[in-house]
Amino acid sequence: MSSLNQTLVAEWFKIKKSKIWYFVFVLMIAPVLYGVIIHHQIVIGKYHYNKENPWYMLIMMVQLFYGTIFLPVIVSVIVGTLINYEKNANNWERVSLIPIKKYNFYVSKMIWTAIIILLTQLFMIATIIMYGLALNYGSYLPVKIFSSLFLLGTLGAISLGTLSFYIFLCIKSNRLSLIICIILSFPTFLALSNPPGSWTPTLYPWTLPFFGMTQATTNTTTFIAFIIACSLVLIIFSLLSIKRMKKYNL
């Protein structure tokens with residue numbers, strides 16, 4: 001078995017014993033339920049606004065909270081949980097003695113980060129569809145929009161995960177790292193103030209998940225800007241994390 005496979009299996013044994021699944025599920029389901037309630041009971045029920053395809057409105061209501069705050073927080077929780085095992089057990093020194101390349105160690109954690117983000121995104125979309133069907137949204141299912149939600153939102157979240165990983169590496173306290181990441185998520189709301197088609201929000205990494213799910217496909221320019229921003233964040237902070245692990249013998 002290769003060293004990367006070994007580290008992937010080792011990470012799985014850690015993850016399956018943790019409570020990360022409960023935290024991620026709650027953080028995912030809360031904004032979805034809130035968005036459903038706001039859309040069905042307030043937008044439609046109280047104000048009788050149902051001129052547009054109800055699926056579009058439902059997705060917009062959900063992403064207003066899930067994409068801006070909850071998904072970035074979910075990413076931070078995932079990364080913090082994966083890196084917390086070594087921090088709590090003061091296990092970095094032991095890791096440095098294992099004949100496993102730091103690259104493989106980092107990649108294994110990011111692979112599991114990506115897997116959990118993928119599952120979160122799938123459950124989020126499935127929950128939206130389930131509630132939409134239960135509420136008899138008869139219009140056609142916007143497959144293209146759901147595809148963008150999944151593919152581009154996940155890409156933005158994984159890219160943000162590499163930045164979060166670097167922050168958790170640089171700060172000794174896991175709790176402080178998580179607080180900082182949560183605080184840095186709030187300016188994402190400023191992305192809502194930009195006109196559709198603006199690529200400016202891509203300059204702030206915490207907006208990438210929301211931007212990918214809502215605005216990245218507005219036009220060719222925004223799509224290219226989004227892909228470039230995600231690629232730069234992913235490459236730069238992956239290299240910085242690996243470099244730091246080698247430098248400080250982590």
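How far apart are the end C-alpha atoms of helix α7, and what span should its 12 residues give at 1.5 Å a residue? The legends below take up this question and then turn to other views of the model, which is predicted.

**Figure 1. Helix α7 from end to end, residues 174-185.** At 1.5 Å a residue, the 12 residues of α7 should span 16 Å. The end C-alpha atoms of the helix lie 17 Å apart, which agrees with that expectation.

**Figure 2. The buried residues of α7.** Asn-174, Ser-177, Cys-181 and Ser-185 are buried in this helix. Because they cover an arc of only 80° around the axis, they are on the same side of α7. An α-helix has 3.6 residues a turn, so residues three or four places apart point the same way.

**Figure 3. The other side of α7.** Here Arg-175 and Ile-183 are exposed. The term exposed is used for a relative accessible area over 50%, and buried for one under 20%.

**Figure 4. The start of α7.** A side-chain oxygen of Ser-173 comes to within 3.4 Å of the backbone nitrogen of Arg-175.

**Figure 5. The protein around the helix.** The protein contains nine helices and zero strands. Of its 250 residues, 50% count as buried. Among contacts between residues at least 6 apart in sequence, 77% join residues at least 24 apart. The protein exposes about 12,600 Å², and carbon and sulfur atoms supply 70% of this area.

Definitions and conventions. Residues numbered from 1 in each chain as written. Heavy atoms only, no water. Helix = DSSP H or I, 4+ residues; strand = E, 2+ residues; numbered from the N terminus. Expected span 1.5 Å × (residues − 1). Buried < 20%, exposed > 50% of the residue type's maximum accessible area, 1.4 Å probe, protein only. Arc of directions from axis to C-beta. Polar contact = N/O pair within 3.5 Å; in protein donor to acceptor, adjacent residues only side chain to side chain. Contact = heavy atoms within 4.5 Å. Areas by Shrake-Rupley, 256 points an atom, 1.4 Å probe, with all protein chains shown as cover.
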